[in-house]
Amino acid sequence: MSLLEIENLTVDIGGHPILRDVSLSIAPGEALGLVGESGSGKSMTALSVMRLLPEGARISGAIRLDGEDLTALSEPAMCRVRGARVGMVFQEPMTALNPLKTIGAQVAEVIRIHRADPDPEAAARRALTRAGLPPQQFPMDRYPHDLSGGQRQRVVIAMAVALRPRLLIADEPTTALDVTTQAVILDLLKTLAREDGAGLMMITHDLAVVADMADRIAIMKDGAVVEAGPTAPLFRAMSHPYTRSLFAASTHRPERDRRPLGEPVLEVREAVRDYALPRRRLFGPRPLFRAVDGVSLAIRSGENVGLVGESGCGKSTLSRAILGLEGLQGGEVSLVGRPFSPAAPAERRRDIQVVFQDPYGSFDPRWKVADLVAEPFHLLRPRPAKAERRARVEAMLEAVGLRAEDAERHPHQFSGGQRQRIAIARALITEPRLVVLDEAVSALDVSVRARILDLLAGLSDRLGVSYLFISHDLHVVRAITDRVLVMKAGKVVEEGETETVFAAPRHPYTSELLAATPDLEAALAAREAATA
């Protein structure tokens with residue numbers, strides 16, 4: 001008998017169909033991977049199981065957990081199911097955690113609500129220990145902001161498994177994590193599900209992750225399951241065209257029309273950045289933490305350079321110094337042959353722009369696209385007239401694959417990939433010499449990511465703009481960059497041509513990063529060997 005059985009599940013909101021006759025099953029101890037692009041219905045399927053659908057949603061079909069139809073339960077009855085029999089791990093732990101409560105109190109709250117435990121704090125300690133946060137090293141009185149991204153995700157996992165639920169749902173649980181932390185979190189989820197004999201529903205757009213994690217896979221498109229089956233046979237056969245398109249997008253590498261590289265547009269010489277830590281004694285000296293330690297690099301005109309490393313290695317601190325947002329305690333940053341720092345005149349910032357991971361967070365939601373893209377014009381001297389500004393905005397929108405009439409729309413009217421195109425248009429509107437891309441494609445599904453990488457490669461070849469790619473995703477770095485730098489503990493431990501570094505890493509840390517990176521072919525080969 002299946003642990004979870006979804007039969008002909010249909011959901012519509014305001015008469016618009018969201019899910020169409022979805023049928024899935026998960027056996028005890030089995031991992032099911034739910035794969036598809038953004039908007040395919042993956043998360044809506046999980047929310048249907050949890051009965052957390054938006055207001056106005058209408059649902060039909062059956063969702064049976066251990067034979068009990070969850071769609072027939074009242075809300076009080078479902079409250080007893082959530083957390084106790086079904087646990088959920090969300091994509092962004094900071095939105096799933098209460099910033100005003102300690103991590104121990106939040107895990108203990110799950111236990112206290114569902115079970116008359118004489119010592120919920122002790123049970124919370126056990127749950128945190130199982131999730132890799134033993135209280136001896138991570139006291140339960142710490143708050144979410146005291147922890148790293150991976151540690152916060154472990155707290156969310158501890159809350160989800162505290163009562164050893166029968167079903168565990170993980171919705172993109174590793175999207176914002178670096179490769180080594182991602183590997184640890186994925187291994188933790190597999191171990192906990194195996195120890196508890198629970199079913200695992202893994203929702204992701206990363207085919208390499210799902211190939212390693214899932215026993216079976218269901219491919220979703222437009223609210224329906226278009227293909228399903230055991231992992232290795234499904235990927236080897238790929239009978240549906242949509243499955244084949246996802247596979248092609250996951251391994252896509254943009255074609256480059258490489259031109260001869262020009263003079264350096266960015267030079268960083270022996271950069272040092274220290275942060276003051278809290279005093280250990282009331283009147284003692286403030287200890288310093290060295291986030292960037294003697295880093296040097298150069299990027300030439302038309303060159304794409306990758307910067308990789310785990311969270312906390314100093315990538316973001318270095319990028320802020322390069323962008324002139326923070327000063328250095330030592331060393332120098334030069335942009336187009338002249339020193340560049342926070343004191344540089346505003347007009348010099350036209351030569352360097354940035355694209356962030358979350359474009360929606362960097363947009364004023366009240367502004368129209370025309371105003372958002374034109375915002376950097378204040379850096380130009382003289383500023384272009386109104387008619388010229390509008391013409392340049394519309395031309396840039398068309399250059400990044402949008403329409404001129406999109407200038408009159410607001411950010412919320414676009415998909416995630418379209419918003420990232422708007423962010424790229426804004427970054428290029430001043431014709432900069434260098435663009436810093438900080439995890440600019442990590443939150444996008446594979447097909448949108450492939451299109452954005454093609455766009456960036458084409459713009460670089462056509463305009464001669466240089467890119468600094470800061471990313472956890474080594475597949476992206478390998479696909480788009482000419483050279484790569486590997487950072488660890490504030491230092492560059494390896495540097496070289498991208499293919500050379502990836503094919504024959506010299507530093508053990510680089511080898512560790514590559515080994516932790518999910519590999520689709522390796523995962524499929526391992527599954528086939530295990531069943532041979």
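A residue is called buried when its relative accessible area is under 20%, exposed when it is over 50%, and partly exposed in between (1.4 Å probe, protein chains only). The structure is a predicted model, in which local features need pLDDT of at least 70, side-chain atom pairs count only at pLDDT 80 or more, and totals for chains, interfaces and linings use all residues. Residues are numbered from 1 along each chain as its sequence is written, and side-chain values use heavy atoms, with hydrogens and water left out.

Helices (H or I, at least four residues) and strands (E, at least two) are DSSP runs, numbered from the N terminus. In strand β13 (residues 304-308), five of the five residues are buried, so the strand is largely enclosed by the rest of the structure. N304, G306 and V308 are buried on one side of β13, and V305 and L307 are buried on the other. In a regular strand the side chains alternate between the two faces of the sheet.

In helix α10 (residues 241-250), the buried residues are Y242, T243, L246, F247, A249 and S250. Viewed down the axis of α10, these residues fall within an arc of 165 degrees, so they line one face of the helix. The arc is taken from the directions from the helix axis to the C-beta atoms.

T500 belongs to helix α17 (residues 498-503). T500 is partly exposed, with a relative accessible area of 44%. Its C-alpha atom is separated by 9.0 Å from that of R483, 17 residues apart along the chain.
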